[in-house]
Amino acid sequence: MDRTGSRDSPPRRSAQETTGVDMLRQSVRRNEPISHTMPNHTDALLNAVDSALRTLFVPPRGTRECPTLPEQASDPALAPEESQLSGALMRVNHVGEVCAQALYTSQALAARWTGRNGARPNEALALQLEAAGREETDHLAWTQARLDELGARPSLLNPLWYAGAFGLGLLAGRVGPGVSLGFVVETERQVEAHLASHMDRLPAKDQASRAIVAQMKDDEARHAREAQQAGAVELPIPVKGLMRLAAKIMTTVAHRI
Ligand SMILES: [Fe+2]
Ligand SMILES: [Fe+2]
């Protein structure tokens, strides 16, 4: 059999391949988006597992340069207590980015999932969520690098934070696209406000951490705007309050553990 599968020697297809090809043909005949008919649940689930393992166990690699100037990296002028405070604050920010990975991954997974109520996979929403998630990977890499420079460790509870955020994201995503985007808007706004408070609390001399937090704050604000423009609905006030409470618990614990 040649590699092109010519008429002289047609390649044998498995039942699974035949089904996939048939579905593709049907979708083209009906002029439907392919994502509406392709059986992509397993792929989406495997991607989610892969993302969780990479977030928790593999050193993150950003696509953008860390906004820390090389000559500021070691911050020799920081006093021990300043370095300790910066380490605690950057650990909290690192946990926030671990949660961001979980949220965007689970919401993208939910967007691709076919609901029992007949909801169709929403590939456009999944792609938007994944694009924002890639920028969060930069944040994860920058905060991890800064923790290393400060001699601080990430939170010991990161698997727990990841699991909790993943569950919340999946829940929001399953409600529907408008709520899922509304959840993104509210989360990003709360993170932006939290980062603004860190600009006040970080030692004035810690320019390296401040540069990272400032860039993250700008990015989070943009993520919120983009989700708003994509059709987010306003979440009920009690839900926003519960999200604030959950964030408060997370930031308080992560400051120490
Ligand atoms: Fe972020
Ligand atoms: Fe963000």
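Predicted model: local features only at pLDDT ≥ 70, side-chain atom pairs only at ≥ 80, totals over all residues.
Reader: What is the mean pLDDT of the protein chain?
Author: Residues 1–39 stay under 50. Still, 78% of the residues in the chain reach 70 or more. The chain mean is 78.

Reader: How many helices and strands does the protein chain have?
Author: Helices (H or I, at least four residues) and strands (E, at least two) are DSSP runs, numbered from the N terminus. From that end, the elements run α-α-α-α-α-α-α-α. The count is eight helices and zero strands.

Reader: Are α3 and α4 roughly parallel or roughly antiparallel?
Author: Axes are lines fitted to C-alpha atoms, for helices over the stretch in contact, and angles run from 0 to 180 degrees between N-to-C directions. The axes of α3 (residues 80–112) and α4 (residues 123–150) come within 8 Å and cross at roughly 160°. Angles under 35 degrees count as roughly parallel, over 145 as roughly antiparallel, 65 to 115 as roughly perpendicular and the rest as oblique. Therefore α3 and α4 are roughly antiparallel.

Reader: Is Glu 135 buried, exposed or partly exposed?
Author: Glu 135 lies in helix α4. A residue is buried if 20 or more other C-beta atoms (placed from the backbone) lie within 10 Å of its own, exposed if 12 or fewer, and partly exposed in between. Glu 135 has 19 such atoms within 10 Å, so the residue is partly exposed.

Reader: How far apart in space are Glu 135 and Arg 64?
Author: In sequence, Glu 135 and Arg 64 are 71 residues apart. In space, C-alpha to C-alpha, the distance is 8.5 Å.

Reader: Why does Lys 205 count as partly exposed?
Author: Lys 205 is found in the loop between α6 and α7 (207–229). In space, C-alpha to C-alpha, Lys 205 is 9.9 Å from Ser 83. Lys 205 counts as partly exposed because its C-beta neighbours inside 10 Å number 17.

Conventions: Residues numbered from 1 in each chain as written. Chains lettered and ligands numbered in written order. pLDDT = per-residue confidence, 0-100. Contact = placed C-beta atoms within 7 Å.
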